[in-house]
Amino acid sequence: MQKLGFIGLGIMGKPMAKNLLKAGYELVVYDINEAAVKELVESGAEAGASSKDVAEKSEVIITMLPNSPEVREVVLGKDGIIEGAKPGTIVIDMSSISPIASQEIAAELAKREVIMLDAPVSGGEPKAIDGTLAIMVGGPKDTFEKVKEILLHMGSSAVLVGDIGSGNVTKLANQIIVALNIAAMSEAMVLAVKAGTDPEKVFQAIRGGLAGSTVLDAKMPMVLDRNFKPGFRIELHIKDLLNALETAHSVGVPLPLASQVLEYMQALKVDGKAKDDHGGLIQFYEKLAKVEVKKQ
Ligand code: NAD
């Protein structure tokens, strides 16, 4: 079994790292949040002193960080992975970042014969805990084959989509679909309530039909309970939609609906709701219509 490093022990990284420990891997971990490191050490991991230290002690290093600047810092910065990794080391960045950044970071690592895959995930915290994430991967096929087993301890599927950057292009497509689904759900349910129906009954009536979706099943119960504890924070979805717009514009694609929903999320951020779950997008629509969607 390869010796693994794991950097970034947040909402997603913590349960993913715990699943690797459960599978029997030796794991060295690092996060700037000492409490998160302590929790993993109590579960059987070794604490690394820095990203460089983790790299020195690992054959495969997984990163699960917020966005491109943090991944750049952890991989290429001072005391970063690049300073500690031996030639042949594999870096799997599972954060959702710009595909352009993935390609640039991989090119720097390649100069030291360190190989990178971009392997973002979908499924959120519940699937990270269950080890049933959907993992979308970009990079060389032989490297993917070497680490596929590791990935399948964190996810129920790991699909190699193409070259480095392809994982994050796929994730951006995923995030556009999720954002627009939440917006559609919100618009519809605000109408249902203001027109005098019980939103829980509307949800039960439509979830088995064509409007049914994983998003509806995951987010509608949270909305009915007025539970906007993240999960996936609105500020992270803003980051993904900004990365989607940057990528789309660089290849000549307009994103008319995604850019609208981005601004709705931005309005909620200004309203102090950046750390709400993205299901909290419904609050934007509720304010427009002056109603609340909740259990009756
Ligand atoms: P999070 O903010 O909870 O976790 C990020 C972790 O990175 C934190 O523990 C933070 O302390 C650590 N970190 C930041 N900078 C660091 C540095 N320089 N060195 C070491 N550690 C550092 O975020 P999350 O919700 O776990 O999301 C992580 C990534 O996964 C994001 O790209 C997000 O878009 C993506 N994602 C999240 C979800 C979800 O539902 N939360 C679902 C799919 C994908």
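This is a predicted model: local features need pLDDT of at least 70, side-chain atom pairs count only at pLDDT 80 or more; totals for chains, interfaces and linings use all residues.

Me: Which helices each supply at least two residues of the shell around the ligand?

Reply: Residues are numbered from 1 along each chain as its sequence is written, and side-chain values use heavy atoms, with hydrogens and water left out. Helices are DSSP runs (H or I, at least four residues), numbered from the N terminus. The ones you want are α4 (68–76), α7 (124–130) and α12 (234–250).

Me: How many residues surround the ligand?

Reply: Being near means having a heavy atom within 4 Å. Ile 11, Met 12, Asp 31, Pro 66 and Lys 239 are the closest. Altogether, the ligand is surrounded by 26 residues.

Me: How far is a polar side-chain atom of Asp 31 from an oxygen atom of the ligand?

Reply: For comparison, a backbone N or O atom of Pro 66 lies 2.8 Å from a ligand oxygen, and a polar backbone atom of Leu 65 is 3.0 Å from one. For the Asp 31 side chain, it's 2.7 Å.

Me: What area do domain 1 and domain 2 bury between them?

Reply: The chain is divided into domain 1 (3–164) and domain 2 (169–289), with bounds from an automatic or database domain assignment. Buried area is the accessible area (1.4 Å probe) that two parts lose on being put together, summed over both. Of the area buried here, 59% is on carbon and sulfur atoms, and the total is about 1,100 Å².

Technical notes:
A polar contact is a pair of N or O atoms within 3.5 Å; within protein, one must be able to donate a hydrogen and the other to accept it, and residues adjacent in sequence count only if both atoms are side-chain atoms.
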